[in-house]
Amino acid sequence: MTIPRAEHFIDNRFVPALGGLTIPVIDPSDGRVFAAIARGSADDVARAVAAARRAADGGAWSRLAPVERGRLLARLARAIEAKAEDLAALESRDCGKPMRQARADVAACARYFEFYAGACDKLHGQTIPYTPGYQVMTLYEPHGVTGHIIPWNYPLQIFGRSVGGALAAGNACVVKPAEDACLSLLGLAEIAAAEGFPPGAINIVTGYGHEAGQALAEARGIDHLSFTGSASTGTRVAQAAALRHVPVTLELGGKSPQIVFADADLERALPVIVNAIVQNAGQTCSAGSRLLVETGAYERVLAALAERFSALRAGPAAMDLDLGPLIRASQKARVEAFLQGLASQPGAGAWVRARGAIVPEAPGGGFYVAPVLVADADPAAPLCREEVFGPVLAAMPFGDEAEAVALANGTDYGLVAGVWTENGARALRLAKAVKSGQVFVNDYGAGGGVELPFGGVKASGYGREKGFEALYGFSVLKTVVIRYGV
Ligand code: NAD
C-alpha cells in the first residue's frame, strides 16, 4: 500500500486541507520524517460533518436496510484481511510497532467489522405491557452523525471498535485520528469506499488535537462523541460536548493491577504479566502496569520476572523484536522522567530490579526505552498512581486479600485488573471487590476480545465499547406509545 496522500477523506474522496497546511509524519524507529498529513481546521471538520449529515439525513447510507449495512461491514472485514500485510506495514512504520503486533492489530480491526456486520440486524427493541388500549414499543435508532477521536497507540483497532459499532447502529461517522498515527486509517477509508460504502458514511479529518480535535468536540451537527485518549483531554472533550448536550463515551487511561497470590500458577501467569506491560512498548490503555504480589511469593515472582525482563529486546519496528520504539520523543522523555523520579520517591526506596536492552542496530534518532522492572515501588509514588505509558512494571508486595483490594483500588483509574489464584472463591471475591471495567481471572487480555464489553470506571471513563453492548451507546432509545382503545 502506498502512503496515503496528505489529505482528508471526505465524501469518499481525498481533499486537501482548506488552509493548505500539512503536518510532517515521523518514523519513531529512526526519528526521520517520511510522510505528511493534512492539518485540519474547524472549516475542514465542518465540511466532513456536512458530508456525514447528508449521508445520515435521508442519504444513501441512512436508506440501507440493516442487513445491507451488515453486508457492507462484512465486505470491509474481508477487504481488510485481503490487504492485511500492506495495512500492517503502514501501521508498523507509522506507530513503530513490531510487525507481529501490527498484524495482530489488522486482524482485530477486521474482526470488529466482522462482529458488527453480524450485529446490524439484531438490535431489537421491546414491547412493553402497559394500560389496556395502549401498545408500547421501544426502538433503537441511530444518533445520526457520530464523532470519533482516536489515539495513536492502536489506530486500526480503535477505529474498528468505535467506528465499526457506530456504523452498525446506522450512524454516519466523522473521525479525527491522532496526529502521530493516522496513515492506516486513511488507507482503510479508501478501502471502505472501494467496497461500496456510500459517500459520507466514513469521513476522516486529520490534524492536531487542539485544532481539528477540539473543532470536532465543538462541532454543530455531531450527535454523539466517542473519545479514546488521555483523561485530561477526555475532560475537555466532555466539557465541550456538554455545552451542546451531546452524549459522550470516554475510553481513557488506566493503571491496571495484576494481583498474584502465592498459590498462582506462575508458569501460566508470568509470560502473560510480561506481555501485558511490554505489548506495544507499554503504550496500551489496559497495560498491566502494577504488579501486586502476596508476600510469601514476592521474591520468587520477582526473581523469575527479572530473568524474563533482562532477556527482552527493544529495536526498530522492522526487526520485529519484543518491543519497538515509543511513539515520539516527548513520550520517551516522559517515561524516562518517571524512572529518574524513582530516587526521589517518598517512602521506601524503589529500585530497578531488571532492565532489558536496546539492540545496537537501533538508530540513534529513534525513541527507544528499554523495558524496566521496578521492585518495592511505593503505592503513593507517581510511578504507581499515574499512567506512565511505557514498558515499566512497578511491583509491590501485599499481606492479605484486604490489602490487595485496597492497593488495586488505590488509584484514580479503574480500567482492567488481573487476578491470579487457584482459589476459586477468592478469585470471585476479588473480581467483585476490584473497581474496574474488566477483571480477568488467571489471564489478562490487554483489553480482551472483540466480543467483550470494554470501558472504565472513575478516571478511566464511562460508557462501553466493544461487544454487542456498544450498540446501545451508539443508539438512541425511543419509546413509542400508541393508544388504540376508545
Ligand atoms: P490524547 O488525549 O493526547 O489524544 C487522543 C486524541 O485526542 C488524539 O486524536 C488527539 O489529537 C486528540 N486531542 C488532543 N487534544 C484535543 C482537544 N483539545 N480536543 C479534542 N481532541 C483532542 O491521548 P494520546 O496520548 O493520543 O493517547 C494515549 C492515551 O489514550 C492514554 O491515556 C491511553 O490510556 C488512552 N487510551 C485509552 C483507551 C481505552 O480504550 N480506554 C485505548 C487506547 C488509549
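Strands, written E, are DSSP runs of at least two residues, numbered from the N terminus. One of them, strand β6, covers residues 134-142 and includes Pro142. Keep in mind as you explore that this is a predicted model.

**Around Pro142**
- Leaving out residues up to four places away in sequence, Pro142 touches Ala169, Gly170, Asn171, Phe474 and Val476.
- Glu91 is 51 residues from Pro142 along the chain, and their C-alpha atoms are separated by 31 Å.

- In soluble globular proteins, nonpolar side chains tend to be buried together.
- The largest nonpolar core here has 80 residues, and Leu73, Phe159 and Phe197 touch the most other members.
- Helix α5 (residues 99-119) gives the most to this core, contributing 11 residues.
- Beyond its neighbours within four places in sequence, Phe197 has contacts that include Trp61, Leu72, Leu73 and Ile202.
- Another core, of 65 residues, lies apart from this one; among its members are Ala297, Val301, Val388 and Phe440.

**The open sheet**
- Seven strands line up in the order β15-β17-β18-β13-β12-β19-β20, with mixed pairing.
- At the edges are β15 (351-355) and β20 (438-441), each pairing on one side only.
- From one strand to the next, the twist averages 20°.
- Strands β17 (residues 372-375) and β18 (residues 392-398) run parallel and are joined by three bridges; Leu373 has Leu393 as its bridge partner in β18.
- Helix α11 (residues 295-310) packs on the sheet, and its direction makes about 140° with that of β13.

Key. Residues are numbered from 1 along each chain as its sequence is written. This is a predicted model: local features need pLDDT of at least 70, side-chain atom pairs count only at pLDDT 80 or more; totals for chains, interfaces and linings use all residues. Side-chain values use heavy atoms; hydrogens and water are left out. A nonpolar core is a set of buried Ala, Val, Leu, Ile, Met, Phe, Trp, Tyr and Cys residues joined through side-chain atoms within 4.5 Å. Buried means under 20% relative accessible area, exposed over 50%, partly exposed in between (1.4 Å probe, protein chains only). Helices (H or I, at least four residues) and strands (E, at least two) are DSSP runs, numbered from the N terminus. Contact means heavy atoms within 4.5 Å. Two strands pair if DSSP finds at least two bridges between them. Axes are lines fitted to C-alpha atoms, for helices over the stretch in contact, and angles run from 0 to 180 degrees between N-to-C directions.
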